[in-house]
Each structure stands twice: as structure tokens, then as C-alpha cells.
Amino acid sequence: MRLPIVSTLIVAVAVAIMVALGVWQLQRAEWKAGKLAEYAAAQEQPAVSWPNLPTEAATDGLLYRQSSLECLSVEDWRPASGRNRKGVAGWVLIARCRTGAEGPGATVVAGWSNRPDPPQWNGGTVSGIIGPDSRSVIRLVASPGLGGLEAAAPPSLDDIPNNHMAYAVQWFLFAAIAAIIYLLALRRRARTAA
């Protein structure tokens with residue numbers, strides 16, 4: 001029996017891609033383990049100054065560290081779902097603060113409430129923990145809560161997904177299953193040809 005060239009080539013390329021994706025996920029798992037260790041160590045480091053420009057590069061090494069800033073005034077409020085320190089679900093109230101005449105300002109989680117209404121807080125000194133923010137790269141989670149709000153749950157390493165090993169195993173299994181199915185198909189074809 002002759003091996004079907006096109007089918008074999010397609011399966012070989014597919015299996016190679018799946019194996020490469022598995023290897024890439026293993027590399028990502030190693031990278032993520034390093035980042036998690038860095039974040040865990042940051043929690044024990046002394047407080048840092050709030051960065052003037054909160055970009056990805058400027059905030060490297062700042063996540064999960066203590067910091068403080070001066071919120072000169074609150075420009076805007078936005079509610080988001082969140083939890084308090086006891087784990088109760090509700091609303092975290094996030095302020096966009098002006099921190100100077102120029103610059104991007106700062107995002108501050110003022111605290112937690114069971115209602116999405118903004119508190120009566122117009123600014124001041126804020127201390128807390130630097131956490132990631134999907135809109136402004138980082139935010140300062142105030143501790144204690146501001147304007148009569150309860151303290152929101154601090155940023156936690158447990159909230160960072162770390163499933164790269166599972167993805168790697170999944171890609172390797174896909175590659176093995178594709179190869180086994182193809183070998184079974186070749187075997188069946190050989191039997192029917194005989």
C-alpha cells in the first residue's frame with residue numbers, strides 16, 4: 001500500500017503545529033511561574049511611589065506593592081462588580097483621580113459597597129496596594145476604604161489564571177489523538193485494499 005502523500009502531509013503539519021503549541025504553553029507556564037514568584041516577593045517589599053506614567057514598562061515590578069498617592073480631585077466614578085475583604089460580592093467603586101496639572105492621573109478603588117452609588121469622597125491621600133486594571137494598566141486599591149466605604153478585597157495572586165500546563169497537555173493530547181486516528185485510518189485502508 002502506498003502512503004497518501006497529501007493526507008499524510010496535512011496530518012504531519014497539523015500534528016507538528018499542535019506539538020509546537022504544547023511546547024509554547026510549557027514556555028508560558030515557566031514564564032508565568034516566574035511572574036507569580038515576582039508578585040509574591042513584591043508583597044513583602046517596601047512601599048513605592050506611584051508612577052507618573054502608568055504604562056506597562058513603567059509599572060514593571062510595581063504590581064502587588066504598597067503605594068500611596070495624592071488624589072487632588074475625583075474626575076469620574078465607575079462601579080464594577082467586586083468583593084470586600086470578607087469575600088462578600090457587591091460593588092467596588094473606582095475613582096479616576098487627578099494627581100497633578102498634567103499627566104494621566106490615577107485609578108483608585110475607593111472601596112466596596114452593596115450599592116453602585118459613588119461615595120461622598122472628593123479626593124485626598126490614598127494608601128493601598130497596586131493591582132492590575134484592564135482600563136488604566138494599574139490601580140491603587142485603597143486600604144482602608146474611602147468616603148465611608150468598606151475596604152475592597154486587595155489584589156490577590158489567586159485571581160491570576162495559571163493554566164498553561166493544562167493547555168500544554170491538551171495540545172499534546174490533540175497531537176497524539178490526531179496521529180492515532182490517522183494511523184488507524186491507514187490501517188483500515190490497508191485492510192480494505194488487501
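A: We begin with residue classes: Ala, Val, Leu, Ile, Met, Phe, Trp, Tyr, Cys and Pro count as nonpolar, Asp, Glu, Lys and Arg as charged, and the others, Gly among them, as polar. The model shown is predicted. By these classes, the lining of its largest pocket holds 18 nonpolar, 7 polar and 10 charged residues.

Q: How many residues line the largest pocket, and which of them lie nearest its centre?

A: The lining consists of 35 residues, and those nearest the centre are Tyr 64, Gly 131, Pro 132, Asp 133 and Pro 155. The space in this pocket is about 750 Å³.

Q: Which helix and strands each supply at least two residues of that lining?

A: They are helix H1 (5-42) and the strands S3 (73-83), S4 (89-98), S6 (124-133) and S7 (137-142).

Q: What can be said of the second largest pocket, and which residues are closest to its centre?

A: About 220 Å³ of space lies in the second largest pocket. It is lined by 15 residues, with Arg 78, Arg 96, Ala 106, Thr 107 and Ser 136 closest to the centre. Sorted by class, this lining has 8 nonpolar, 3 polar and 4 charged residues. At least two lining residues come from each of S3, S4 and strand S5 (106-113).

Q: How are the strands arranged, and in what order?

A: Seven strands are read across the sheet, from one side to the other. Here the 7 strands form an open sheet in the order S1-S2-S6-S7-S5-S4-S3, and the pairing is mixed. Strand S1 (48-49) and S3 are at the edges; each has a single partner strand, so one side of each has no neighbour in the sheet.

Q: In what sense do S3 and S4 pair, and over how many bridges?

A: S3 and S4 are antiparallel, and their pairing runs over 10 bridges.

Q: Is His 164 buried or exposed?

A: A residue counts as buried when its relative accessible area is under 20%. The value for His 164 is 7%, so His 164 is buried. In the chain, His 164 belongs to helix H2 (residues 164-193).

Q: Which residues is His 164 in contact with, leaving aside neighbours within four places in sequence?

A: The contacts are with Gln 25, Arg 28, Ala 29 and Lys 32. With Gln 25 there is a polar contact between the two side chains, at 2.8 Å.

Key. Residues are numbered from 1 along each chain as its sequence is written. This is a predicted model: local features need pLDDT of at least 70, side-chain atom pairs count only at pLDDT 80 or more; totals for chains, interfaces and linings use all residues. Side-chain values use heavy atoms; hydrogens and water are left out. On a 1 Å grid over the protein atoms alone, a cavity is a set of points where a 1.4 Å probe fits but cannot get out, and a pocket is an open set with protein on both sides within 12 Å along at least five of seven lines; lining residues have an atom within 4 Å of a point. Grid points are joined across faces, edges and corners, and a volume is the space filled by probe spheres set on the points. Helices (H or I, at least four residues) and strands (E, at least two) are DSSP runs, numbered from the N terminus. Buried means under 20% relative accessible area, exposed over 50%, partly exposed in between (1.4 Å probe, protein chains only). A polar contact is a pair of N or O atoms within 3.5 Å; within protein, one must be able to donate a hydrogen and the other to accept it, and residues adjacent in sequence count only if both atoms are side-chain atoms. Contact means heavy atoms within 4.5 Å. Two strands pair if DSSP finds at least two bridges between them.
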